[in-house]
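Visitor: I'd like to learn how to read a protein model. Could you walk me through one, feature by feature?

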Amino acid sequence: MLHKIEWVYCPICGNKTRNKIREDTILKNYPLYCPKCRQETLIEVTNLRMTVIAEPDAKTQSR
């Protein structure tokens with residue numbers, strides 16, 4: 001049983017990260033770190049399709 005394996009690319013700069021995924025890999029709320037742009041992004045992966053999870057911006061508290 002052979003599985004297709006692909007590199008995970010950074011959604012910000014488009015370069016390869018240090019992670020590989022198989023076609024049966026499922027990731028939820030995975031913190032993907034890119035060593036080139038030094039950014040961390042939350043992603044979800046199912047069936048080799050990556051989706052970026054938008055984090056809500058921090059809001060200041062009003063008094």
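**Starting from one residue**

Guide: Let's begin with Thr41, which touches Pro11, Ile12, Tyr30, Pro31, Leu32 and Val52, not counting residues up to four places away in sequence. Contact here means heavy atoms within 4.5 Å. Before we go on, a word on the model: this is a predicted one, where local features need pLDDT of at least 70, side-chain atom pairs count only at pLDDT 80 or more, and totals for chains, interfaces and linings use all residues. Residues are numbered from 1 along each chain as its sequence is written, and side-chain values use heavy atoms, with hydrogens and water left out.

Visitor: Is Thr41 buried or exposed?

Guide: The general idea is a cut-off on relative accessible area: under 20% is buried, over 50% is exposed, and partly exposed is in between (1.4 Å probe, protein chains only). Thr41 has a relative accessible area of 11%, so Thr41 counts as buried. Pro11, one of the residues that Thr41 touches, has 36% and is therefore partly exposed.

Visitor: Where does Pro11 lie?

Guide: Pro11 sits in the loop between strand 1 (5-9) and strand 2 (16-22). Strands here are DSSP runs of E with at least two residues, helices are runs of H or I with at least four, and both are numbered from the N terminus. Pro11 and Thr41 are 30 residues apart in sequence, yet their C-alpha atoms are 8.0 Å apart in space. Leaving aside neighbours within four places in sequence, Pro11 is in contact with Leu32, Thr41, Met50 and Val52.

Visitor: How many helices and strands does the protein chain have?

Guide: The count is zero helices and five strands. Read along the sequence, that gives the pattern β-β-β-β-β.

Visitor: Which strands form the open sheet, and in what order?

Guide: To read a sheet, look for pairing: two strands pair if DSSP finds at least two bridges between them. In this model three strands form an open sheet in the order 3-4-5, with antiparallel pairing. Strand 3 (26-33) and strand 5 (49-52) are the edge strands, each pairing on one side only. From one strand to the next, the twist averages 30°; axes are lines fitted to C-alpha atoms, for helices over the stretch in contact, with angles from 0 to 180 degrees between N-to-C directions.

Visitor: How many bridges join strand 3 and strand 4?

Guide: Strand 3 and strand 4 (residues 40-46) pair over six bridges. Along them, Pro31 stands opposite Leu42, and Leu27 has Val45 as its bridge partner. The two strands form a hairpin with six residues between them, and Arg38 in the turn has a positive phi of about 55°.

Visitor: What about strand 4 and strand 5?

Guide: Those two pair in the antiparallel sense over four bridges. Here Thr46 stands opposite Arg49, while Ile43 has Val52 as its bridge partner. This hairpin has two residues between its strands, and Asn47 in the turn has a positive phi of about 55°.

Visitor: Which residues of strand 4 are on the covered face, and which on the uncovered one?

Guide: Thr41, Ile43 and Val45 make up the covered face, whereas Glu40, Leu42, Glu44 and Thr46 make up the uncovered one.

Visitor: Which residues make up the largest nonpolar core?

Guide: In soluble globular proteins, nonpolar side chains tend to be buried together. A nonpolar core is a set of buried Ala, Val, Leu, Ile, Met, Phe, Trp, Tyr and Cys residues joined through side-chain atoms within 4.5 Å. The largest one here has five residues: Val8, Ile21, Leu32, Ile43 and Val45. Beyond four places in sequence, the contacts of Ile21 include Lys4, Val8, Leu27 and Val45.

Visitor: And what can I say about the whole chain?

Guide: Of its 63 residues, 14% count as buried. A compact globule of 63 residues would have a radius of gyration near 11 Å, but this chain has 14 Å; the radius is taken over C-alpha atoms, and the globule rule is 2.2 Å times the number of residues to the power 0.38. The C-alpha atoms fill a box of roughly 60 × 25 × 10 Å, taken along the principal axes.
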